[in-house]
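Have the chain open in a viewer while reading.

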Amino acid sequence: MLLRLLCLAVVGSLAAFGRALSAENADPADIAILRDLRYREGPSKQWRLDLAMKKDRASKPRPVVVIIHGGGWLEGDKSSFASRNYGIPGNIVDFAALGFVAVTINYRLSGEAPFPAALEDCKCAVRWLRAHAKEYQLDPQHIGAYGNSAGGHLAMLLGMLGKEAGFEGDGPYQKQSSIVQAVVSDSGPIDLLYQYHHDRLRRVVSDFLGGPPEGKRTAIYEKASPNQQISRATPPLLLIYGVADAQVPVETADQFVAALGRAGLKDVTYHRLAYVDHCPHSLVRIPNMRTAVNEFFVRTLMHPESAQQIKRAFGSR
């Protein structure tokens, strides 16, 4: 009888813990979440985004964070970052609570269309946001991109490749810019030729780029590699890479940061994490990485007078 009572007590405690955890992860009532907004018309089911923002009307337009999911360009879905319920850092609800308009997007995966399809879709989503700035009360001059793994790669290219690169696609709102003003990459591939030749995600990279780097396709590998797109126009970057990453070699991040320095770029933050594997472990195992991401976007995208207030309110999240 005593054992049965103890078991019931344990079960009750676990249930209470589960309810408390669910309450903590619940999406707050003051955040509006709009799901499956189409940013591009056409046959692909991937051309949708979820958007989160505070319900109260702001005194001025809010800056934007675009979240791009990972999955080797061949899988994954925006839903992973569309709610607190999954417990994944970098979701649109947490960014909206900080005062951003936050969106998470789907894009064509490599099984549907190879590069540059995914990048064209990301650019189309950014142009859609700028075209709908008044409707969602967002600041078109302050848009950042955050991604993990393949999403980090696409986020970097959003910040580094403008219209001159020819990857805008044929989507709408061509008069709008697709460039972003700040980028966070958590474990995003940087040098796709290195990845292929050192057998790191070789098949995944080959599928993404339509085949091995042979003949004219070598140039495609170079165009798709952030380390080949460095310029003085490169926006502020926050780079998070694990020394123990078995998928994206940390030496490619080391070389990338060195090249950014040689190019004279002044706003580059590099977190090189010992004993850390591929994302999102950097944000899960090392909680202060969440704060680093939040503070980076506050500093680079928000108006200065709000920075200290946001840091005091959300610095520990």
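Helices (H or I, at least four residues) and strands (E, at least two) are taken from DSSP runs and numbered from the N terminus. On that scheme, Gly162 lies in the loop between α4 (150–160) and β6. The model is a predicted one, in which local features need pLDDT of at least 70, side-chain atom pairs count only at pLDDT 80 or more, and totals for chains, interfaces and linings use all residues. Residues are numbered from 1 along each chain as its sequence is written, and side-chain values use heavy atoms, with hydrogens and water left out.

Confidence comes next. The pLDDT is the predictor's confidence in each residue, from 0 to 100. Its mean for the protein is 89, and 87% of the residues reach 70 or more. Over residues 1–23 the pLDDT is below 50, and beyond near neighbours in sequence this stretch has zero contacts in the model (contact means heavy atoms within 4.5 Å). The pLDDT is also below 50 over residues 306–317, but that stretch has 16 contacts beyond near neighbours in sequence.

Among the buried residues of α4 are His153, Met156 and Met160. Gly162 is buried as well, with a relative accessible area of 12%. Leaving aside neighbours within four places in sequence, Gly162 is in contact with Lys123, Glu168 and Ile179. Ala233 is 71 residues from Gly162 along the chain, and the C-alpha atoms of the two are separated by 9.7 Å.

The backbone has some details to inspect. Which peptide bond is cis, with omega near 10°? The bond in question runs from Phe115 to Pro116. Pro116 sits in the loop between β4 (101–105) and α3 (117–131).

For Asp36 the angle is about 60°, and for Ser187 about 70°. Asp36 is found in strand β1 (residues 31–38), whereas Ser187 is in the loop between β6 (182–186) and α5 (192–197). Is each of them buried, exposed or partly exposed? Asp36 is partly exposed, with a relative accessible area of 41%. Ser187 is buried, at 1%.

Key: Buried means under 20% relative accessible area, exposed over 50%, partly exposed in between (1.4 Å probe, protein chains only).
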